[in-house]
Amino acid sequence: MPQNPILIPERVAERAATRIDVTEEGCWESTYSVASHGYAQIGWQDGGYRQVVTAHRASWVHFHGQIPPGMTIDHRCRNRRCVNPDHLQLMTNVKNARGGGGFHQQKPVPTDERCSRGHIVLRYPSGAKHCRECAQEWARRKAARQLLKRSGLEDQAA
């Protein structure tokens, strides 16, 4: 059974869309607190109950109205703190879960930087930069350590 969507009051939506810092990339980063999931969040109290939603959802409501059931708001810019309506898009929950926002389809691009081992550093769509070769080598070593630990041979090797 689908749950009832949280209706975001206009006063809250307006606060979410106006308490911002603008970045060089044009993102409107919310100045509200960021939860462990990385999204800015905004709360309010109505009728003795406290509600909390992500700031980008509240900003969407300010510019476009309530979010229909079964729909979600995706960041085109991949910045979880961004509340810029030009960087947000409405899509189905299913499409978003399948990576429909295009984030998974974008490829990293090389930078002019090099890691400490001389490999080319890549910039990912999220804005993160790191060396793919070093990351893959680290992942291989970690998998080997975990396999050794699970096999019980780690104690005998020490």
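1. Start with a side chain in this predicted model. The side chain of N79 reaches the backbone nitrogen of R81 at 3.0 Å. A polar contact also links the N79 side chain to the side chain of E29, at 2.9 Å.

2. Where does N79 sit? Look in the loop between β5 (71-75) and β6 (88-92). Leaving out residues up to four places away in sequence, N79 touches C27 and E29.

3. Is N79 buried or exposed? Its relative accessibility is 18%. Buried means under 20%, so N79 counts as buried.

4. Now turn to helix α1, residues 10-18. Its buried residues are V12, A13, A16 and A17. Viewed down the axis of α1, they fall within an arc of 130°, so they line one face of the helix.

5. Next comes the largest nonpolar core, with 14 residues. I8, I42, V53 and A58 have the most contacts inside it. The elements giving two or more residues to this core are α1, β3 and α2. As background, nonpolar side chains in soluble globular proteins tend to be buried together.

6. Take A58 as a case to trace on the structure. Apart from residues up to four places away in sequence, A58 touches I8, A13, A16, I42 and V53. Among these, A13 and A16 are buried residues of α1. I8, I42 and V53 are, with A58, the residues with the most contacts inside the core.

Key. Residues are numbered from 1 along each chain as its sequence is written. This is a predicted model: local features need pLDDT of at least 70, side-chain atom pairs count only at pLDDT 80 or more; totals for chains, interfaces and linings use all residues. Side-chain values use heavy atoms; hydrogens and water are left out. Buried means under 20% relative accessible area, exposed over 50%, partly exposed in between (1.4 Å probe, protein chains only). Helices (H or I, at least four residues) and strands (E, at least two) are DSSP runs, numbered from the N terminus. The arc is that of the directions from the helix axis to the C-beta atoms. A polar contact is a pair of N or O atoms within 3.5 Å; within protein, one must be able to donate a hydrogen and the other to accept it, and residues adjacent in sequence count only if both atoms are side-chain atoms. Contact means heavy atoms within 4.5 Å. A nonpolar core is a set of buried Ala, Val, Leu, Ile, Met, Phe, Trp, Tyr and Cys residues joined through side-chain atoms within 4.5 Å.
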